[in-house]
Amino acid sequence: MRANDEDIKIFHPEKKEGAGADLAELALLMDVYRSNGNMSKATQLGKTLATLSPESLFPEDAAKLDTNELRQLRTLMIFSIQIALHKYLPHQMLSSQAVNAMYEEISETMPGLFANISDGSSFTFYYLSVRKNRNVEESVGKNYAMLCERDEDEYYISLGSRVFSQTDIKVCDMIEELEFEE
């Protein structure tokens with residue numbers, strides 16, 4: 001006896017959606033960014049940002065700091081750079097490229113600083129400031145002062161706040177100069 005299968009319908013899925021489509025879209029976008037120069041700009045930006053230091057951007061303040069305070073200030077600058085890259089570059093792919101290039105350059109040229117950033121807890125305190133999303137600059141400044149063991153010192157709080165915001169402005173300006181394509 002033969003089964004009647006005339007009422008059986010074959011399901012044909014639509015075009016892939018979700019993760020597969022997202023990956024294909026990202027691959028296409030990566031090709032676009034490679035061909036229009038955005039990826040190489042992001043790489044170069046990251047390498048250049050790795051060379052920024054408190055001594056170059058804040059020479060008078062840097063001269064007043066002891067070794068730990070200067071190391072903490074460098075760490076704050078790198079944190080600020082990373083946040084600014086994610087905030088101002090037109091796509092996460094480009095910010096990730098720039099951040100990775102920055103860390104690669106730091107690990108090659110300043111392995112001690114890289115180890116301090118990788119193993120340290122400073123970023124955790126700064127991330128908490130950013131997540132609270134209220135008075136971020138002041139909160140970052142207070143965390144910088146705390147990490148320098150100068151909790152109530154207005155100079156250190158102000159310095160941390162100023163370095164965070166000025167580094168953000170510097171990164172934004174550098175991104176604008178490179179004229180990334182959207």
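**Close-up 1. Where α5 meets α8.** On the α5 side of this contact (heavy atoms within 4.5 Å) sit Gln72, Thr75, Leu76, Ile78, Phe79, Gln82 and Ile83, and they meet Ser122, Phe123, Tyr126, Tyr127 and Val130 of α8. By class, that makes 8 nonpolar, 4 polar and no charged residues (Ala, Val, Leu, Ile, Met, Phe, Trp, Tyr, Cys and Pro count as nonpolar, Asp, Glu, Lys and Arg as charged, and the others, Gly among them, as polar). This is a predicted model, where local features need pLDDT of at least 70 and side-chain atom pairs count only at pLDDT 80 or more, while totals for chains, interfaces and linings use all residues. Residues are numbered from 1 along each chain as its sequence is written, and side-chain values use heavy atoms, with hydrogens and water left out. Helices here are DSSP runs (H or I, at least four residues), numbered from the N terminus.

**Close-up 2. How α5 and α8 cross.** The two axes lie 10 Å apart, at an angle of about 45° (axes are lines fitted to C-alpha atoms over the stretch in contact, and angles run from 0 to 180 degrees between N-to-C directions). α5 and α8 are therefore oblique to each other; angles under 35 degrees count as roughly parallel, over 145 as roughly antiparallel, 65 to 115 as roughly perpendicular and the rest as oblique.

**Close-up 3. Thr75 in α5.** Thr75 belongs to helix α5, residues 67-88. With 2% relative accessibility, Thr75 counts as buried (under 20% relative accessible area, with exposed over 50% and partly exposed in between, using a 1.4 Å probe and protein chains only). Skip the neighbours within four places in sequence, and Thr75 still contacts Leu113, Asn116, Ile117, Ser122 and Phe123.

Close-up 4. Ser122, Phe123, Tyr126 and Ser129 are the buried residues of α8. Looking down the axis of α8, these buried residues fall within an arc of 120°, so they line one face of the helix; the arc is that of the directions from the helix axis to the C-beta atoms. Turned away from that buried side are the exposed residues Arg131 and Lys132. After α8 comes Asn133, with a positive phi near 60°.

**Close-up 5. α8 against α9.** Helix α8 (residues 122-132) packs with helix α9 (residues 136-147) at an angle of about 160°, with axes 8 Å apart. That makes α8 roughly antiparallel to α9. Ser122, Phe125, Tyr126, Ser129 and Val130 of α8 make the contact with Val136, Ser139, Val140, Asn143, Tyr144, Met146 and Leu147 of α9. Sorted by class, the contact of α8 with α9 has 8 nonpolar, 4 polar and no charged residues.

Key:
Helix = DSSP H or I, 4+ residues; strand = E, 2+ residues; numbered from the N terminus.
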